[in-house]
Amino acid sequence: VNEACISLGFLLAYVAGFLLSSAEDEEWRVIFGVAGILAAIQAMGMWNMPESPIWLAKQARYTESEKALQVIIQQSGEE
């Protein structure tokens, strides 16, 4: 899911840049601003994502790994 969010953010930024890149010399500021807004939205969306249970387990943080896995399972609706 994380990779999909990152790719979607890149895609939206490029599409917005393409749509706004008409002619003016000052348009780069608008493109840059839109890309910044999209990056901020993406960052806010990723803020609440749990840590990777696999990464936590590799760091010997087993209790945190189990908690993160439980959060993921609850969010996906599986039991």
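This is a predicted model: local features need pLDDT of at least 70, side-chain atom pairs count only at pLDDT 80 or more; totals for chains, interfaces and linings use all residues.
Me: What makes the protein chain an arrangement of helices or of strands?
Reply: The protein chain holds four helices and zero strands. Read from the N terminus, its elements run α-α-α-α.

Me: Why is the protein chain called more spread out than a compact globule?
Reply: The globule rule gives 12 Å for 79 residues, whereas the radius of gyration of the protein chain is 18 Å, well over that value, so the chain is more spread out than a compact globule. Along the principal axes, its C-alpha atoms fill a box of roughly 55 × 25 × 15 Å.

Me: Why is Ser65 called buried?
Reply: A residue counts as buried under 20% relative accessible area. Ser65 has a relative accessibility of 10%, and therefore it counts as buried. Ser65 is placed in helix H4, residues 62–76. Apart from neighbours within four places in sequence, Ser65 is in contact with Pro53, Leu56 and Ala57.

Me: Is Thr63 buried or exposed, and how do you know?
Reply: The cut-off for an exposed residue is over 50%. Thr63 has a relative accessible area of 55%, so it is exposed. Thr63 also has its place in helix H4.

Me: How do you know what span is expected of H4?
Reply: The expected span is 1.5 Å times one less than the number of residues. H4 has 15 residues and reaches 21 Å from its first C-alpha to its last, close to the 21 Å expected. Just after H4, Gly77 takes a positive phi of about 85°.

Me: What makes the phi of Ala60 worth noting?
Reply: Most residues other than glycine have a negative phi. Ala60 is not a glycine, yet its phi is positive, at about 65°. Ala60 lies in the loop between helix H3 (53–58) and H4.

Me: Which charged side chains does the protein chain have, and how far apart are the centres of the two sets?
Reply: Lys and Arg count as positive, and Asp and Glu as negative. On that basis the protein chain has 4 positive and 10 negative side chains, and the centres of the two sets lie 12 Å apart.

Key: Residues are numbered from 1 along each chain as its sequence is written. Side-chain values use heavy atoms; hydrogens and water are left out. Helices (H or I, at least four residues) and strands (E, at least two) are DSSP runs, numbered from the N terminus. Buried means under 20% relative accessible area, exposed over 50%, partly exposed in between (1.4 Å probe, protein chains only). Contact means heavy atoms within 4.5 Å. The radius of gyration is taken over C-alpha atoms; the globule rule is 2.2 Å times the number of residues to the power 0.38. The place of a charge is taken as NZ of Lys, CZ of Arg, CG of Asp or CD of Glu.
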